[in-house]
Amino acid sequence: FNFHPWLYLFLVPAIAMRLWAEERKSGSIELLMTLPITRFEAVTGKFLAAWVFAGIALLLTFPMIITVNYLGEPDNGAIVTGYIGSWLLAGAYLAIGSCMSALSKNQVIAFILAVSACFLFIVSGFPMVLDAFAWAPQWLVDAIASLSFLVRFDAISKGVIDLRDLLYFLSLIAAWLTATAVVIDLKKAD
């Protein structure tokens, strides 16, 4: 599970890059927006479809659990929480990627924007980044450090499900999906 944040840094934005960019490029977004659903329902539907796809890809690693259990006696509780944390992390990446896809008509640009934004969320807790904010008040440094995906994901993948970590991922997903709906509203004239 330690490699999942880095693996997802490229895999999940690749899933998300077509969510809205291709709709805008091909012009099919007009048809989608004339359906009797709200913009937020369209955003949520596309996000959930991509999140289920990422979840299926994650579940396809299940044979490794069987192998590890056959060869030894691992902590299956930590494995289950690792899967939960990994799925939440994929959801956060997808929500960011969805917003970046809505910003662009080009899938490659959406991919690059999503990778860059997700990378910033990963490294925000690194000491090198926090040292760059040595001039800032401590509350700001702590706020920047608390944005890090790695800090939240590491706690969950070690078997500790804290309500704050769950709320972090779920609120991050909700915020980025709301931003996606706002971007689609603003770009509907394009």
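At the start of helix 10 (149-157), in this predicted model, a side-chain oxygen of Ser 148 comes to within 3.3 Å of the backbone nitrogen of Leu 150. After helix 10 comes Gly 159, with a positive phi near 105°.

His 4 is located in helix 1 and is buried, its relative accessible area being 16%, under the 20% limit for burial.

The largest nonpolar core comprises 50 residues. Those that touch the most other members are Trp 20, Tyr 93, Leu 94, Ile 96, Phe 149, Phe 169 and Trp 176. At least two residues of this core come from each of helix 1 (4-16), helix 3 (29-34), helix 4 (39-59), helix 6 (76-103), helix 7 (107-123), helix 10 and helix 11 (163-187). The greatest contribution is that of helix 6, which gives 13 residues. Leu 94, one of the residues that touch the most other core members, is in contact with Val 12, Ile 15, Ala 16, Phe 47, Ala 50, Trp 51 and Ala 54, when residues up to four places away in sequence are not counted.

Zero disulfides are present in the structure. Cys 99 takes part in no disulfide, and the nearest cysteine sulfur, belonging to Cys 118, is 11 Å away. For Cys 118, the closest cysteine sulfur is likewise that of Cys 99, and the separation of 11 Å is too far for a bond, given that a disulfide requires sulfur atoms within 2.5 Å. Both cysteines are buried: the relative accessible area is 4% for Cys 99 and 0% for Cys 118.

Note on methods
Residues numbered from 1 in each chain as written. Predicted model: local features only at pLDDT ≥ 70, side-chain atom pairs only at ≥ 80, totals over all residues. Heavy atoms only, no water. Core = buried A, V, L, I, M, F, W, Y, C linked by side-chain atoms within 4.5 Å. Buried < 20%, exposed > 50% of the residue type's maximum accessible area, 1.4 Å probe, protein only. Helix = DSSP H or I, 4+ residues; strand = E, 2+ residues; numbered from the N terminus. Contact = heavy atoms within 4.5 Å. Polar contact = N/O pair within 3.5 Å; in protein donor to acceptor, adjacent residues only side chain to side chain.
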